Structures are given as C-alpha cells and as structure tokens.
Amino acid sequence: MPTADCRLLHHGRIMRYLTSLLLLPETLKKSKKVGVGGGRGGGGGGRAHPDRLPVCYEILSVSLTTNQQQQKKQEEKRKQEKEEEEKMAAELYPPAAAANTNLASGTTVAEKTKDAPVSASGSGGGVGSGGSGATTPTTQQNITNNNIDPPCSWQSSHPTLRERNALMFNNELMADVHFIVGPAGESQRVPAHKYVLAVGSSVFCAMFYGDLAEEESEIHIPDVEPAAFLILLKYMYSDEIDLEADTVLATLYAAKKYIVPALAKACVNFLETSLEAKNACVLLSQSRLFEEPELTQRCWEVIDAQAELALCSEGFCEIDLQTLEIILRRETLNTKEVVVFDAVMSWATAECSRQGLGPTTRNRRSVLGKALYLVRIPTMSLEEFADGAAQSDILTLEETHSVFLWYTAATKPTLEFPLAPRKGLAPQKCHRFQSSAYRSNQWRYRGRCDSIQFAVDKRMFIAGLGLYGSSGGKAEYSVKIELKRQGLTLAQNLTKFVSDGSSSTFPVWFEHPVQVEQDAFYTVSAVLDGNELSYFGQEGMTEVQCGKVTFQFQCSSDSTNGTGVQGGQIPELVFYA
C-alpha cells in the first residue's frame, strides 16, 4: 500500500477513535487511561513510556477542557439573563402588599404572579461534567435548536387583551400622561395611557389627539373625586364596574363629563335599585342635574307615595332651592300640609348653616324667599295652624292675623298662600275573591292568624289591607296587620276599625306605604280580635290584573285560621302605583 494511503488510513482511524471517546461515559474514559500501555498505536511506542498518554488522549483532554470552559461561560451568561429577567419581573409585579391596594390609594394595580419556572441547563448536567444529564420540568429544551425556553413573561401569562389592558390600569409602566385629580390639598396623582383613554372616550380623544390637544404631561382635574376617576379609568381599561353607594353620584358625574354612556347607565341602574324615601329627594336633585328622566320619574314615584318619610329625611335638607320649589309645587304629595311646613323649616335651618348664617327667623325667611308661599298653609286644620305655623315666628303678624280670619270670618281675606289642598294619590284596590258569603257558624275570627302571599310584576307601594267585618251587625275590631319578606318584618300596625254588618271590606292602613319590588313574594297577615262570626271570601284567583300591575297569590304557611288562595280572609290589598 502506498505511504500516502497508509497515512490517510492512520489519521482516519484516529478521528474515529476520538469520536468514539467523546461519546463514552466518564467512567470508561478513566478505565482507558489505566490500560493505555497495552495499545498498538504508534508502532508500540506506548510500552517505552507507560506514564505518558498518547497524542490522541492529549488532544481529547484539550477538547474536553475547552468544552467545560464554554459551558461555564454559557452558565454565567444564563445566570446574568435570569437576574435581569427577575429584575424586570419585580418592576412589573410589585409585592402583594402593594398589589392589593384599593382604588382610592392610587398605587399601581397589578397582580402578583407566581414564581415563573426558569429553564437552565443545571450545574454539571452537560457532557463531560460529573452530574446527571436527565431533563427535569425546569430544564426542558427546545428540540429543534437545543436552546433553553425563556422564562414566562407577563404578556404571555395573560393571554387576552382585556387581561393585559387591566394590568396597565393605574400603572406607571409605559404611562404617557398623569392626572392630578381632586381639589387642592386632597388631590391624587394617577398614571394613564393616552391611547386607552382616547379609545374609550371622545372627550379624551379630543384632549390628546384633537386640534387643541393637551401637550402637558400632567393634567389637573379638580372637579372630580379621585375614587370616582379611578372607577372611570378601571372601566375603560377592563370593562369592570365597581360601584358603591358613597361614590356612585361622583362616578355618574365623571361618566357624564367624559361621555362614557355605558358607565353612566350602570350608575343610574345602581341608583334606581338603591332608591328609597331617605335618599329620594337628593337623587331627584341629581337626576335633574344629570338630565336622567327615568331616574327622575322613579324619584317622584317614591316621593309621592312616601312623602312624609321623604320630607322628614336628612336628604331633604341637602337639596338646592330650585329642587325645593319644585317639590313644594307638587300636587301629588301624599301627606298632610303640616308635614310639608315642618320640612320646609328644617330645610331653612340647614341652608342658613350652609351659608354661615345664624338660624334666626329673619335669616330663615330670607333663604326661603318665595318658596315659603308655596306651602299651602290654609289647607291645614285650624288646630294644626295654631299649634304650628302660627307659633313659628316665620310669618309676620299681618300674615298670621289674615290666616286666622280666613279660618273663622265669613268674609275671608286675600292670602298669598295657595288655598287648594293637594290632590295626593288615589289608592287602588286589588280584590282577590270573586264573591263573598256568610253561613251560620261557618267562619270565625278567633285571634288566629290569617295570611296570604303575593308577588307583583311592577314596583308599587302597599298602603294597607281591606278586611271583612262582622256578619252579625255593627262591631268593632282590634287588628294587627303585618307585611314580611323572607321572614323579615317590613311594616306592621296595631289599630281598630268598625264594620257595619255588611259584606263590604274595611280598609286598615300601615303607618307608611311600603315599597314592594317586582318578582318577589311578600307575606301579609292579619290577626283580629272582636266579634267572631264574619263574612269570608270564596272563588279566589291566583292571578289578578289591577291597572298596570299584575298580582299573583299563593298560600302562606303562617296562616292558622284557614285562609288560602281559594277562600278565607284578607280579600283586598290597598296600594299606590
């Protein structure tokens, strides 16, 4: 064989030998070193120098050393990248104490993520190291390029646009505008992102991208409460609405100011569901300001039906003069005029306090102005006037004298006060029986409870019950009536009524009308003490239509005197709608 061919063959064998050694485990390499003197390489030269490795092993040692150095550098690089990624994660995800801060705190809102699994090759896990090369869940490799998978980023851990946008709410990260919200001394600095705000509000769009766009990095909004502004922003970033009774009016103002109709509608719905007599007058004032006709109508329904409760509430004293005048002109206020007069005096005292004035007679009359002449003083009884308005000093001596003459004189003087009484509300009656009957010794009032359950399809106000009287002639009854919902007593009254012996019904009233919500069952009951024998209803109906309100009836477990849907007592419900 030619010399050149022999050299090529010799070098080829050396390269294959090197390749096989690179793939051997470390333990086998050590065993090769032990028996190296018996090999045939280099014409038996290994026998003369048993302590020296052949050239191929020296080359292998250099190769392994180089590989270890490269692996060490790669590990240091990965460690540095890991530290940088952890630093970035710390910036994006603050500690839990800061992340859970409420809206009003103004701190960055972000979720604290769990520790992301960081993929690494492991210490000594590669070829040529002393550790194991097994793959663990934290050291998974990409098969196509053998690169370690990068740590999970905050973007990839929140797959939807809504989730990622929500992370940016009240967050300094990438914020390109700041708002100073609230009056001086109580303001709060809020970070935001122009694009998100411009997409959600035409006002913000004009503010940032219109012809007269704001160029300042900080924008002052002194007329909006910080808590309400944060609720507005949270909705624009995430479509989430968090309303509370204390901030809903301020939120409605912010939604109206920045033309966010969906949030404004949610505020109105919240106010309607929480509407009651004690806040109806305040909400009436606000609904007029915000031009919300549906809310205004709901307020009037409550004020008309529960006028005494509404006028005696603290909220009535907080309304403005224009709203006061509108209420005093109302024909359908369902209360006595003496109640109206007392409410007006309370409002005048509160207004003096707001203006820094003492509650003197002169100051109260001054703040009332012409509103005083909207009180229908002549419609009071003489006794009510003498005990109330005449002794209040709010009227001049001439006015007091004229009113007394109007009550007593044949020729009545001219008065500046309205003379016609208010119309109030006409009560409606829901009669649930088609007929009534009397049979000797058939039905008795024996101090037991007669009860029935009902539900309506529209809000209304139950004012009392219509009851049957004695079938044996004129009789007087003591009666306790009660209204409950899910076992909770909403109203009750202990009173008396006199029946004339006919089969007619006799009304018995609660102290104040009670608001009844739609699609919920209520229980009314009556316990009578008096003449035992009475009329009773029969051919009862499970559903009755009364005007625009539909009633449904069902038996009550509270009934211990035999009353049910088909027959018995409590023939009528008296209500306003």
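Strand E15 (residues 572–576) is largely enclosed by the rest of the structure, because five of its five residues are buried, where buried means under 20% relative accessible area, exposed over 50% and partly exposed in between, with a 1.4 Å probe and protein chains only. Strands (E, at least two residues) and helices (H or I, at least four) are DSSP runs numbered from the N terminus. The model is a predicted one, in which local features need pLDDT of at least 70 and side-chain atom pairs count only at pLDDT 80 or more, while totals for chains, interfaces and linings use all residues. Residues are numbered from 1 along each chain as its sequence is written, and side-chain values use heavy atoms, with hydrogens and water left out.

Within E15, Glu572, Val574 and Tyr576 point one way and Leu573 and Phe575 the other way, and all are buried. E15 pairs with strand E7 (residues 460–468) in the antiparallel sense over five bridges; two strands pair if DSSP finds at least two bridges between them. In this pairing, Leu465 stands opposite Leu573 of E15. Strand E4 (residues 428–431) also runs antiparallel to E15 and is joined to it by four bridges. His431 has Glu572 of E15 as its bridge partner.

The helices come next. Two packed helices are described by the angle between their axes and the distance between the axes. Helix H9 (residues 248–257) packs against helix H11 (residues 277–290) at an angle of about 5°, with the axes 11 Å apart. H9 and H11 are therefore roughly parallel to each other, a term for angles under 35 degrees; those over 145 are roughly antiparallel, 65 to 115 roughly perpendicular and the rest oblique. Their contact (heavy atoms within 4.5 Å) is made by Leu249, Leu252, Tyr253 and Lys256 of H9 and by Val282, Leu283, Gln286 and Phe290 of H11.

H9 also meets helix H8 (residues 226–238): their axes come within 8 Å and cross at roughly 55°. That angle makes H8 oblique to H9. On the H8 side, Ala228, Ile231 and Leu232 make the contact, and on the H9 side Ala250, Thr251, Ala254 and Ala255.

Elsewhere, helix H16 (residues 361–368) holds Arg364. Arg364 is buried, with a relative accessible area of 15%. Leaving aside neighbours within four places in sequence, Arg364 is in contact with Met345, Ala348, Thr349, Cys352, Pro359, Ser392 and Ile394. Thr349 is 15 residues from Arg364 along the chain, and their C-alpha atoms are separated by 6.2 Å.

Note on methods
Axes are lines fitted to C-alpha atoms, for helices over the stretch in contact, and angles run from 0 to 180 degrees between N-to-C directions.
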